[in-house]
Amino acid sequence: MEETNREAVATAVQRVAGMLQRSDQLDKVEQYRRREARKKASVEARLKAAIQSQLDGVRTGLSQLHNALGDVKDIQNSLADVSKDWRQSINTIENLKDVKDAVVQHSQLASAVENLKNIFSVPEIVADTQVLIEQAELLEAHRKLMDLECSRDDLMYEQYRMDSKNTHDMNLIRNYFGEVQGLSDDLAKQLWMVLQRAMGTVRRDPTMLVSVVRIIEREEKIDRRMLDRKKQTGFIPPGRPKSWKEKMFEVLEGTVTTRIEGSQSVTREADKMWMVRLLEITRKYVLDDLIVVKNLMVQCFPPHYNTFDRFFKLYHNAVSMRVQELAAEDLEANEIVSLLTWVLNTYKSEEMMGHPELLTEYDINLMDPLLPQEVVDELLSKYLQTFTSNITGWLRKALETDKKDWFKETEPEADQDGYYQTTLPAIVFQMFEQNLQVAAQINETFKEQVLKLCLKQMNSFLVRYREEAIAYKEDHLRDRQLPQCYVQYMIAIINNCHTFKESINSLKKKYFKSTEPTQNDAAIEKTLNDVAKDGCQFLLDEVFLDLEHHLNELLTRKWLTGTHAVDTICVTVEDYFNDFAKIKKPFNTEMTSEAHRRVVVEYIKAVMQKRITFKNADERREGADRMIKEAEQFKFLFRKLTAGEETDRLCDAIAAIAEVFKLTDPTLLYLEVSTLVSKYPDIREEHIVALLAMRGDASRDMKQMIMETLNQNKPTYAGITQPIFKDITVPTVTMTSMSSSMAATANKLLK
């Protein structure tokens, strides 16, 4: 308290010091004093009010406690009076036991009197009820059964109330009504029979089904009443609860399952299309039944049964179990596709669960999948494995069949444009098309997987196709008379490559959404090109085998004195190319260009082999004129074969060489050779040496001067689009006439 006073004084001193810091504030001392007096009075008033409020609260609380104490005393007195009265009434309760027993006995007797008529007529009612059940008068039979059960249950209940441990009397009642349980079982059998035939019954006599449902509903109410009484008394009549409603749904579920399982009327041994037939029968049964449920059966059941939803789920579950059983069997590839197509597409389509009449009743998107995804994936994987094995066998068989055609004595068929072809591409891609159409029925992803697998197998097949084409050529070379139509079938093989390309692009465009190339595209393209190029090369080899003798005559003494070798070459080439016209572009064009180049190269090779050395200017002129003439013959031939396209450059090489031979003034030989080299920069030193040697009049010094000059002004070889001399080799000869310096110069040129 003293500490508080000191703090208050210190605070007051501080406030006064703050108010009287200047001399002019002394005039306001009285004003300050009155203001502080008012504050003090206000604080004291608030304190008094607070204290008064607290005192009033304490006074009120004490008053309430005093009243509560009085109430407690009154309650205590009342409890004492109640305890006294209760002790006095114990004897009275014990004296009323006889009255209680009399009341129970009276209740039993009253129940017995009430059921007396039924008790004496039990055998008669049982017999009547049995007849009614046999006559399918179910409602009347059930009414009599309920009367019998009610009499039995009431008597047993009263006996239970009087003496629950008296099993003798309880068994006596049960035995007397023993046939009642049998009647209940017989009636139940009739009910289940009607429910098992519900689909037919509701069409023929829906009132029968309504009666069954009414009976089951009555039994449900009795079950609930008996269970409620059991909670209160502990007594439950025998056979309760019957749970007929639960049993009804079990029967309906079994009926649906049996209907689905019983739809299989054929087996794989009897019909290869058994899976398709089975699924179609199932589809028809399910759709027809659900439409009947919607239009007829729903009206036979109470609304709270949600009849359509219940049947919809029952059929869905039954179908799901059935297709899972089918999926577990050892299915063939076509059966897997049929099953998955049905499960993934048909099932939810308008043909079945998505039918317009059903959509208004149930959202098919809420259904669980018929098959778990892992089962679907397993089936797809199994199909791909089987398909891979099958397609390998199909392709091998197709190739073997095509190979047999190659050895026929008749020409292959031609397409509408006259190009030779075999049936192999059509067979292969018809096979692919059929399988892709089947795969497309499942889903887009699986279709693309099958397409990729087809392309992968196609690549392997084309490798074998190329090997067989090579073997076909080798067989022909052993005896060129066989097969008789070797050329025509080799043309068909080449054309097949073009057809394969078109068919592959068509399949990809039709069945593959993405425009990006697949990993097999490059390999397939390369293999097809290789097969076509090999075929073209084999045909050209065939041509040049026939031309070999005539090519060997070129640039010989016989050729110089007069021969028809080039005439024969041109006629032979033209004759072959009449057949080669049945090769499709671009292979035909490429083959013509290659034949042109090869003829010119073979001609120039004959020059480089130095089969002849001109003896004088007359021979050189005569030889050069013949070469120029023959170059023109080649030009004319290949212009004709290429429909007027530019073919001069290759043949001009022959004419350019002829000009080297034709030159009469040896001093100008360097200029002519330089012109030749400038036109054909891929020509090498050994080629020029061979030309000079064949000319026969070039001195050693002239040869050395020409080579040295050309070495100093060597043209650039890079960028030549169609080299001629690149692949022409010159036979090795001993050039004793060449000096060591000339040899050194030649080595430099080679570098």
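Is cysteine 485 buried or exposed? In this predicted model, cysteine 485 has a relative accessible area of 6% and is buried.

**Stop 1: the cysteines**

Remain at cysteine 485 and display the sulfur atoms. The closest cysteine sulfur to that of cysteine 485 belongs to cysteine 536, and the 19 Å between them is too far for a bond. Next select cysteine 497, which counts as buried at 0% relative accessibility. Its closest cysteine sulfur is likewise in cysteine 536, but at 8.8 Å that pair is also too far for a bond. A disulfide requires two cysteine sulfur atoms within 2.5 Å, and by this rule the count is 0 disulfides.

**Stop 2: the whole chain**

Zoom out and colour by secondary structure. The protein chain holds 29 helices and 0 strands. Its radius of gyration is 58 Å, well over the 27 Å that the globule rule gives for 751 residues, so the chain is more spread out than a compact globule. Along the principal axes, the C-alpha trace spans about 170 × 130 × 40 Å. Of the 751 residues, 42% count as buried.

Now colour by domain: domain 1 covers 31-246, domain 2 263-371, domain 3 377-535 and domain 4 554-712. The centres of domain 1 and domain 3, taken over C-alpha atoms, are separated by 84 Å.

**Stop 3: salt bridges between helices**

Side chains of opposite charge can pair when their charged atoms come close. Across the whole structure, a search finds 44 salt bridges; three of them are visited here in turn.

Select arginine 466 and aspartate 530, whose side chains meet in a salt bridge at 3.6 Å, N to O. Arginine 466 belongs to helix H18 (residues 444-478) and aspartate 530 to helix H20 (residues 521-553), so the pair ties together parts that are 64 residues apart in sequence. Arginine 466 is partly exposed, with a relative accessible area of 29%, whereas aspartate 530 is buried at 17%.

Aspartate 541 is partly exposed, with a relative accessible area of 25%.

Then select glutamate 619 and arginine 557, a salt bridge in which the closest N and O atoms are 2.7 Å apart. Glutamate 619 lies in helix H24 (residues 617-641) and arginine 557 in helix H21 (residues 557-561), so this pair ties together parts 62 residues apart in sequence. Glutamate 619 counts as buried at 15% relative accessibility, while arginine 557 is partly exposed at 33%.

**Stop 4: a buried phenylalanine**

Follow helix H24 to phenylalanine 638. Is phenylalanine 638 buried or exposed? At 0% relative accessibility, phenylalanine 638 counts as buried.

**Stop 5: backbone details**

Proline 241 is in the loop between helix H10 (206-233) and helix H11 (244-261). A further cis peptide bond runs from lysine 585 to proline 586, with omega near 5 degrees, and proline 586 lies in the loop between helix H22 (565-580) and H23.

Select alanine 136 next: its phi is near 65 degrees, a positive value in a residue other than glycine. Alanine 136 sits in the loop between helix H5 (122-134) and helix H6 (138-162), and it is partly exposed, with a relative accessible area of 31%. Leucine 555, in the loop between H20 and H21, also has a positive phi, near 55 degrees. Leucine 555 is buried, with a relative accessible area of 0%.

**Stop 6: a surface patch**

Finally, select Val16, Leu20, Leu26 and Val29, which form a nonpolar patch on the surface with about 310 Å² of accessible area together. Leucine 20 lies in the loop between helix H1 (2-19) and helix H2 (29-95) and counts as partly exposed at 34% relative accessibility.

Technical notes. Residues numbered from 1 in each chain as written. Predicted model: local features only at pLDDT ≥ 70, side-chain atom pairs only at ≥ 80, totals over all residues. Heavy atoms only, no water. Salt bridge = Lys/Arg side-chain N within 4 Å of Asp/Glu carboxyl O. Helix = DSSP H or I, 4+ residues; strand = E, 2+ residues; numbered from the N terminus. Buried < 20%, exposed > 50% of the residue type's maximum accessible area, 1.4 Å probe, protein only. Patch = residues over 30% accessible without salt bridge, like charges linked within 9 Å, V, L, I, M, F, W, Y side chains within 5 Å. Areas by Shrake-Rupley, 256 points an atom, 1.4 Å probe, with all protein chains shown as cover. Domains from an automatic or database assignment. Rg over C-alpha atoms; globule rule 2.2 N^0.38 Å.
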